[in-house]
Amino acid sequence: MDTGLLLQLLINGLIVGALYGVVAMSFVLIYKASRIVNFAQGEFLLIGAWTCWWLLTSWQLPFWIGFPITLVFMLIFGIVLQIVVLRPMIGEPIISVIMVTIGLSIVFQALMKWMFGVFAKPFPPIFASPTMNVFGLDVQTVYVVSLVISLLIMAGFGWFFKYSRMGLAMRATAFDQQVAQSLGISVRQMFAMSWAISAMVSAVAGVVVGVVNGVSSALSFFGIKVFPAVILGGLDSIVGAVLGGLIVGLLENVAHYVDSQWLNWGNMYEIAPFYVLIVILMIKPYGLFGTKDIERV
Amino acid sequence: MATTTIIPCGDFKTTYAADTTIFPTVTSRNVAIASVLLLLVLPAFLDRFWLNQLIQIGYLGIAALGLNILVGFTGQISIGHAAFFGFGAFASAWLNNRWGIPVWAAIPLAGLMTTAVGMIFGVPAARLKGLYLAIATLAAQYILQDFFARADWFTGGVAGTIAMPLEIFGFAFDTDASYFYVVLFYTVIMYVLATNLMRSRDGRALVAVRDHYLSAEIMGINLTKYRTMAFGISAFYAGIGGALYAHYLQFVSVEGFTILFSIQFLGMIIIGGLGSIMGSLMGTAFMVLLPELMQWITLSLSGTAIDQALNLREAIAFLREMAIGIVIILFLVFEPDGLAHRWKQIKAYWKLYPFSH
Amino acid sequence: MLKTALLATVAVLTISGGAMAQQTIRVGHLADQSGATSDVGVPFGQGVADALAYLNKQGGVNGVQMAVETVDYGYQAPRAISQYKSWSAGAGKVAAIQGWGTADTEALTGFVSKDEIPYYSGSYSGHLTDPAGKGTHGSKPSPYNFFYGPSYSDALRAMLLWAADDWKAKGGSGKPKYVHMGANHPYPNAPKEAGEALAKELGFEVLPAVQFALTPGDYTAQCLTLKQSGANYAYLGNTAGSNISVLKACQTVGASVQFLGNVWGMDENAAKAAGTAANGVVFPVRTASIWGGDTPGMKTVKEISKISDAAGTAYRPVHYVAGICSAFYMKEAMDWAVKNGGVTGPNIRKGMYQKKDWVPAGLDSVCVPSTWTDADHRATTQVNLYRAQVKGDTGASVEELVKSGAIKLEKIATVDVPRKPEWLGW
């Protein structure tokens, strides 16, 4: 039992899991507000990362200017996407909505490969020192910064939904659209806002991963990892999404540890979350923290 | 999702048997038979390229029909269809290579093996609904893909496996023209079987499960049984399609059965029309011919200003992918009921011409 | 309506396209321009295409032009097989194919020998070197498969021989540890067994292999395992794209390992992208000189480069030059075939056995002297090992970095791998 390696892997898992949690939060935000399953969540990360990279390299902007511009772009992008593609799909059966977001994810992936090529492109160096020492493990500075940012975002979400007018309006819309509308809340604005916020937050996660590993189409895979996270955490719980993300991050690294020490299969890192997902769905069809759909005849 | 057709004047049935025929009118039956006969003579006129396209439409159409039975007629969701298709391909090659079973018997047996796997996934899937089912089938796709990559004894691992061509009494169906007949044979049989299923008691039960499962359960239809059966039947069709693919290409490798392929199947049935048997074939034909269309557009634009500005020639692979995604979105936004519905509208228009209603 | 018109037009174009073939030699060219190995597939494919266009400009094969059809198959073996089927029979049959990937090349060995079409691959898998199938490790007969350069297995053997000496020179005590890293895919797997067997023979302790995918990603976990296992020498079996991610992750984690790359695993672009993480990586180079070198053969390479880069400003990585060599060998075999019975598959194959220590005309000191015989398709067993040296920030373009010396590829050894008969086909 190599506890040193295990501990390091767990720390790595927590840090990566925080990123998964951020992405899962964005996913759940869209689902809660507009009941749409966004299969294109990974592509939000990708588009955000490429936009920031492009601003930094082609326009030579410093990071503290380029990053807010990226966020503004993603805000507009989220709103436009919701208005153009998803408003016509209101009321359609769930299979159609799923297919539309799947179609969007295919289009965006191919579009990014077309515009920016297939090679991974590194970010220009942003921090003075690329690594920091956390509990004996050398971690990239940007990962530590991302952990701080993730916590800030989670706290921000919590405050937003509990105390701000817009957040309360969104929760009302998610709970019962008709009643919210009758109280004067513009449901369409709520939908657009939820997509905008989700796009912005995903872009943050995308930029973080891009700074560490370089921007490439591998970022889209985060959108697939989000599913085990929300199944573990429950589709309609933001806190659950965060927990789910952390659990998936830890799970991946523990599976890798088991694999490297005893099994030597080689790819448990990628596939373990899916096995766990199936097992959870067998035992608890609504996820660990999800609300059970009570059907009335 | 089932749209009503216009019943022509004077076409009334006096027996139950007459009402449940596969073809609603004598004319439609004759048209169907004539088209099959036309297809029989086509290999004499078409070159390899078109025969290849038709063969692809054939085996993909069989698999798409299976998915349509599951998604369109029973209302389940499956994003893992490519994995079952792949399982059928590997199973057929394995039965032939390892056990020496002749290919003409290996193909149906591979279908049965895939049915078994489909039912294994179907039993837990019967408990899940909507989005959770979609996610579970997504996970199943990745898990099966991983299994293919690692099960050397079954699939040859990542290197893939060679499949022998179909042989009957020493005559090998290894050219496009000869294999076309094999695929045509299977397509006709599988489509007739599906149409027969839909007019039977079980078919009506499946539709009832889709439309309002609570009422169906109250009426005595066993939900779990029919949901599992739907998974099994769709896996059977996918397995047959996969086996035909294996013995056509004579090489099966796990790289061909990706999540994009599963999404393409879903695209085929959505474009063709959920819940429509003819729609499955139309949607498949559309999806198979779409990349060729993109290739043709790029070639005809090459050298012009648009090509230089957008760098089209190098981007043909991305254009193909984008075209699939855009087409799915456009169809869902503008024609949610698919090509079959559009075709019925066109037929109705001409039936009533010059009156509009 | 519109659809019918479009379909009809496509049909007409296809039929007319087939009718226009006059006296030309058809050559098929499979490239990966958009798939998992496109980072190295693009320059290699460009080299092949440019070289064939250049040879056509010089008069083609004895006055007959080569009709080259380049197809991007996205590194998906089924698409390559399907494309091959249209090239292998009937009116569209090709005289030879310039291929690419290991998975599809190994799958096609049976087909190409049945259809008698010489296949020049970008895959250097050891399994393709046994024409008669006589190797002792169960290799399939592959009489129509050729490739220019040392096989992956021989290159790995050369690096292991070098590593064994390096360990002693560094004053290492005890058994050095060796680990194979790569994706679970035919291309990285090709030399795995051969490498681990030789490592054991040489006295290395062989650790369990570490897997990482062919796509870029986050490989911190794999690097942590690597560091913990205390490996001294690690072979990177993937192409540059994903190797870069591993190098950067391992640098962050602080794993100090001597990385041994394969021919596709490191080049000037990868050195720029990985920055200082690529410093010290040892890898084989297939050509005797690299772009920018001052040799007579390089002049020809510069001429060829102008085909797709008229301004002459592009920097061509090592893979571009290797692609040129592959195309030239095929063309000279065709030249021989013309004089000895016509350009057919079997004659081109015999043309590959025409010379010992063969260097194509105009490419002296660029292409390494190679010998193919009908019992042994290992063209060369002499491997040039280079070390990548990267200093400082690599933000500038590759040309500037090479000029300023920030990126240097320095030759460290030439290893003669013994041409053992039991290593044939393995």
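Predicted model: local features only at pLDDT ≥ 70, side-chain atom pairs only at ≥ 80, totals over all residues.
I call a residue buried if 20 or more other C-beta atoms lie within 10 Å of its own, exposed if 12 or fewer, and partly exposed in between, with C-beta atoms placed from the backbone. Helices (H or I, at least four residues) and strands (E, at least two) are DSSP runs, numbered from the N terminus.

Ground rules next. I number residues from 1 along each chain as its sequence is written, with chains lettered from A and ligands numbered from 1 in the order in which they are written. Local features need pLDDT of at least 70 and side-chain atom pairs count only at pLDDT 80 or more, while totals for chains, interfaces and linings use all residues.

**Core**

I turned to the largest nonpolar core and found 360 residues in it. Such a core is a set of buried Ala, Val, Leu, Ile, Met, Phe, Trp, Tyr and Cys residues joined through C-beta atoms within 7 Å. Ala24(A) and Ala234(C) have the most contacts inside this core. Helix 8 (residues 187-213) of chain A gives the core its largest share, 18 residues.

**Chain B against chain A**

I found 32 residues of chain B in contact with 33 residues of chain A. On the chain B side, helix 6 (130-150), helix 12 (259-272) and helix 15 (316-334) each give two or more residues. Helix 6 of chain B gives the most, eleven residues. By class, this side has 27 nonpolar, two polar and three charged residues. Here Ala, Val, Leu, Ile, Met, Phe, Trp, Tyr, Cys and Pro count as nonpolar, Asp, Glu, Lys and Arg as charged, and the others, Gly among them, as polar.

**Chain A against chain C**

This contact takes 27 residues from chain A and 24 residues from chain C. On the chain A side, helix 1 (3-34), strand 2 (137-140) and helix 10 (238-263) give two or more residues each. Helix 1 of chain A has the largest share, six residues. I sorted this side into ten nonpolar, 14 polar and three charged residues.

**Whole chains**

Chain A has eleven helices and two strands. Its radius of gyration is 19 Å, close to the 19 Å that the globule rule gives for 297 residues, so chain A is as compact as a globular protein of that length. The radius is taken over C-alpha atoms, and the rule is 2.2 Å times the number of residues to the power 0.38. The C-alpha trace of chain A spans about 60 × 50 × 35 Å along its principal axes. I count 55% of its 297 residues as buried.

Chain C has 14 helices and 13 strands. Its C-alpha atoms fill a box of roughly 70 × 50 × 50 Å, taken along the principal axes. Of its 426 residues, 60% count as buried.

Methods:
Contact = placed C-beta atoms within 7 Å.
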